[in-house]
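Visitor: Could you walk me through this one, as I have not looked at it before?
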Amino acid sequence: MIGESMYQELILEHYKHPQGRGLRDPYDAEVHHVNPTCGDEVTLRVKVADGGKVLDVSYDGQGCSISQAAASVLHELATGSTVEESLSVVEEFTRLMQGRGQVEPDEDVLGDAVAFAGVAKFPARVKCALLAWMAYKDALMRSQG
Amino acid sequence: MSAPGFDVERIRKDFPVLGRELPGGRSLVYLDSGNSSQKPTQVVETMRDHLTWHYGNVGRALHVLGSESTEAYEAARDKIAGFVKAPSRDEIVFTKNASEALNLVAYAFGNPVGEDERFRMGPGDEIVISEMEHHSNIVPWQLLAQRTGATLRWFPVTDEGRLDIEGLDELVNERTKIVSITHQSNVLGTVNSVSPILARAREVGALMMLDASQSVPHQPVDVTELGVDFVAFTGHKMVGPSGIGVLWGRRELLDAMPPFLGGGEMIEAVWMDHSTYAPVPHKFEAGTPPIVEAIGLGAAADYLTAIGMDQIKAHEKALVAYALEALPEVPGLRIIGPRTPIARGGTISFTLEGIHPHDVGQILDDVYGIAVRVGHHCARPLHLRFGIPATTRASFYLYNTTAEIDALVRGLHHVQKVFG
């Protein structure tokens, strides 16, 4: 029963009831990222206030439960935080995903995103989990000009 | 339900991996032979024996090992020629895989090294493929069109997953130089009817090639009876090793074609400014070939022949008929391809409403040990045609059983429970 440990309840919950899904205005930057191996795709927008507070992360896309749930969790974690804070979450999430299951996740930093720890043991699925998060990082960079 | 004398349990014993226990105590249910087949002990032992006792380079070494290797390598060619009923052993060219065989033919066209009219290609000429091709029968022709300025055209696919040949006479016309289509779709399972297309190709003087990667392993294929000009297939899908493929071509066409790769063993004589080439098939086999792989493929042909390709075809037909009955029981399951076991092979692709194939494949593997393929199966245009990004594909072979199809159906019900 390895697989079902990857599909944590929280992941399935986000997949079935995605938070903040749908593209919204206003936004500072929009990016489109695809995963060529499985065809998953995400379009993502960010709106950042002058003080560096992330006002909105909106997204749309198609793909597997992991990629869609990861986008939903990202929306929850990033919206309302600062650019700096959210980037440190992205960094910790990336470290966890690329750790081949050997990395002990920092739950204080990751919050709900810790549910994805099991995905790191499945190299073929790591890109699914990272898709929206890499898109977010890219969008932030573009929004900062 | 299978043909008399066909004993699937005895066959399974030839493939030890099928009895393997996966981590977590799962038993393996291998439904991914359309991707690559498992190998019987007979093939593995033949390769091991050759590597252990007889290995030397082929065609050039004069010592005992060189002779034994050359003999075994060329004997494999005889076996493959017999397997597909080639009129001459010299018409069997060993390649790396089916992709290389297709590329080899594509590079013969519009090639300044060649002089034969049938292979001239330029603006105004047309190449015809189909929408159900594997990327390996699309991209080489796209590249050819780019190199020569020729136009690439294709047969559409019907909603049922059959080749739509309604526009045949317009599509294949006096401008057509080559038609290259799949004999059996790696996604839909559809077995294409060759004769009407070939008849039209002959009428307009076009050559015709078949990608038989999915048919040669699963049904008797007689290249003479097919009547086409070129047939490509690969070893690893027919219980042989990877790294070896086959191009069959008509002798007089192979003779007329320019070499593909230059190098050792493909020459007759070399001067500093030019060369003359070896006769076929060696003209197309530059460098040290995959020796042991070819010998393994010969053993694979022997193995399949001993069981009987007719028997294998009948067994798979029974399996696919069973699966076509059983799979639609799963709620939300949509089969992409023919839903009757007529003119189709043992490959079934499907979608589950609202559930991504990667999630389907992951649960099937991790919970039940069921190996299927998920994704676009190197046939992205076909998936675009059906408006879907990906499918889940179960593909059967001589060693599969109806019990394994039952396991698949149970697994899919469980997938529904997890994501429903």
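Guide: One term is needed at the start: two strands count as paired if DSSP finds at least two bridges between them. What you see is a predicted model, and with that term in hand we can turn to a sheet in chain B, an open one of 7 strands with mixed pairing, in the order β4-β10-β9-β8-β7-β5-β6.

Visitor: Which are the edge strands of that sheet?

Guide: They are β4 (92–95) and β6 (151–155) of chain B, each of which pairs on one side only.

Visitor: And how many bridges join β4(B) to β10?

Guide: There are 4 bridges between β4(B) and strand β10 (residues 245–249) of chain B, and the two strands run antiparallel. To find the pairing in the picture, look for B:T95, which stands opposite B:G245 in β10(B).

Visitor: By how many degrees are neighbouring strands of the 7-stranded sheet turned against each other?

Guide: On average, and with direction ignored, neighbouring strands of this sheet are turned by 20° against each other.

Visitor: What about the other open sheet in chain B, the one of 4 strands, what order does it have?

Guide: Its order is β13-β14-β17-β16, and the pairing there is antiparallel.

Visitor: Which residue is the bridge partner of B:R373?

Guide: The partner of B:R373 is B:R393 in β17(B), and β16(B) and β17(B), which run antiparallel, are joined by 3 bridges.

Visitor: Switching topic, what domains does chain B have?

Guide: The domain assignment divides chain B into domain 1, made of 8–30 + 308–419, and domain 2, made of 45–305. Taken over C-alpha atoms, the centres of these two domains of chain B are separated by 29 Å, and their contact takes 23 residues from domain 1 and 22 residues from domain 2.

Visitor: Which elements supply the domain 1 side of that contact?

Guide: At least two residues each come from α11 (309–326), β14 (347–352), α13 (380–385) and β17 (391–395) of chain B, and the largest share, 5 residues, comes from α11(B). By class, the residues on the side of domain 1 of chain B that touches domain 2 divide into 10 nonpolar, 7 polar and 6 charged.

Visitor: How many residues does the largest nonpolar core have?

Guide: The largest nonpolar core has 159 residues, and those with the most contacts inside it are A:A70, A:L74, A:A132, A:Y136, B:V231 and B:A232. Helix α6 (residues 123–143) of chain A gives the most to this core, with 11 residues.

Visitor: Where does this core lie in relation to the two domains of chain B?

Guide: Both domain 1 (8–30 + 308–419) and domain 2 (45–305) of chain B give residues to the core, so it lies between them.

Visitor: What comes of β2(A) and β3(A)?

Guide: They form a hairpin as well, with 5 residues between them, and A:G52 in the turn has a positive phi of about 90°. These antiparallel strands, β2(A) and β3 (residues 54–62) of chain A, are joined by 8 bridges, and the bridge partner of A:K47 in β3(A) is A:D56.

Visitor: Last topic, how many residues of each chain are in contact with the other?

Guide: In that contact, 15 residues of chain B meet 12 residues of chain A. On the chain B side, α12 (357–368) and α14 (402–419) are the elements giving two or more residues, with the largest share, 7 residues, coming from α12(B). By class, this side of chain B has 6 nonpolar, 6 polar and 3 charged residues.

Technical notes:
Residues numbered from 1 in each chain as written. Chains lettered and ligands numbered in written order. Predicted model: local features only at pLDDT ≥ 70, side-chain atom pairs only at ≥ 80, totals over all residues. Domains from an automatic or database assignment. Contact = placed C-beta atoms within 7 Å. Nonpolar A, V, L, I, M, F, W, Y, C, P; charged D, E, K, R; others polar. Axes fitted to C-alpha atoms, helices over the stretch in contact; angles between N-to-C directions. Core = buried A, V, L, I, M, F, W, Y, C linked by C-beta atoms within 7 Å. Buried ≥ 20, exposed ≤ 12 C-beta atoms within 10 Å, placed from the backbone.
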